[in-house]
Amino acid sequence: MSEILRVESISKRFFVTKDGKKDFIQAVDHISISVKKAERIGIIGASGCGKTTLLKMILGLLKADTGRIICNGKIGFVAQDPYSSLCPRFSVKKIVAEPLVYENKKLSRQQIEEKVRSVLQQVKLDPEIFMERYPHQLSGGERQRVSLARALIRNPDILILDEPTSMLDYEVKKSIGEEILNISEQENLAVVLVTHDIEFAQILCTQLYIMNKGKFIEHGKKEQVCECPKHDFTKMLFAASLDLEKFWKIKECMEKEHGG
């Protein structure tokens, strides 16, 4: 399989002031990752682990302090918050069409509208119902489907998802996850999912990377990481996702073992 994205030993630190003294936070610490065509990779970690900083560097929104990022294709991006990522003054048709209009000025209005209709159908939104609606007229799940349609309209090679279902209920989350999976398989589309939601990552991804304190501490095939996690932190994350009581017991044992 051809490589779509390569991240080579990138790092990022943020300088802060504590008690009048300059200090720094190492948000990302020499991270490397390779994503091939049609691969679906999940980057899992708790809040503050550095996964959003990593994602921003991949998207070009932040400059890495070290290392380099090579992307051999188009990126489609779906943001976390479906309520703030869509312009409230734009109709669904205009929101979805915008990347295509920006990229290709030669397309006619009719060609653009046909493409918008096609991609809305792809994400299970009826164009006759939704094209002229505005974001305030949509549910959270419908908004996120619009965000997905906007990401797909340029026929990307890789889809990057930032906690795309964190604000949605279980049934909507499951439905959107299955649709992204189907689209990825049909289009041979690579996916990078950044999330703290292990269950959603299991639905969508083939490879999992566990992130903590700016580093990947464990990675492998989904079945390997889920069924036989090796790192204590990975075990704790999985316990937290399944059973909070078990999570606290494991955390207590780990702290005793390490003198915490």
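Guide: A charge is said to sit over a ring if NZ of Lys or CZ of Arg is within 6 Å of the ring centre and within 35 degrees of the ring normal. Arginine 133 lies in this way over the face of phenylalanine 130, at 5.0 Å from the ring centre. The charged end of lysine 94 likewise sits over the ring of phenylalanine 90, 4.2 Å from the centre of that ring.

The model is predicted, so local features need pLDDT of at least 70 and side-chain atom pairs count only at pLDDT 80 or more, while totals for chains, interfaces and linings use all residues. Residues are numbered from 1 along each chain as its sequence is written, and side-chain values use heavy atoms, with hydrogens and water left out.

Rings may also pair with each other. Rings of Phe, Tyr and Trp (its six-membered ring) form a pair if their centres lie within 6.5 Å; planes under 30 degrees apart count as stacked, over 60 as edge-to-face and the rest as tilted. Two aromatic pairs are found in a search of the whole structure. Tyrosine 209 and phenylalanine 216 are both buried, where buried means under 20% relative accessible area, exposed over 50% and partly exposed in between (1.4 Å probe, protein chains only).

Lysine 213 lies in the loop between β8 (207–212) and β9 (215–221). Strands (E, at least two residues) and helices (H or I, at least four) are DSSP runs, numbered from the N terminus. With 68% relative accessibility, lysine 213 counts as exposed. Phi of lysine 213 is near 50°, a positive value in a residue other than glycine. Most residues other than glycine have a negative phi. Histidine 30, which belongs to strand β2 (residues 21–36), also has a positive phi, near 50°.

These details belong to a wider setting. The secondary structure of the protein comprises ten helices and nine strands. Of its 260 residues, 45% count as buried. Among contacts (heavy atoms within 4.5 Å) between residues at least 6 apart in sequence, 67% join residues at least 24 apart. Along its principal axes, the C-alpha trace spans about 65 × 45 × 40 Å.
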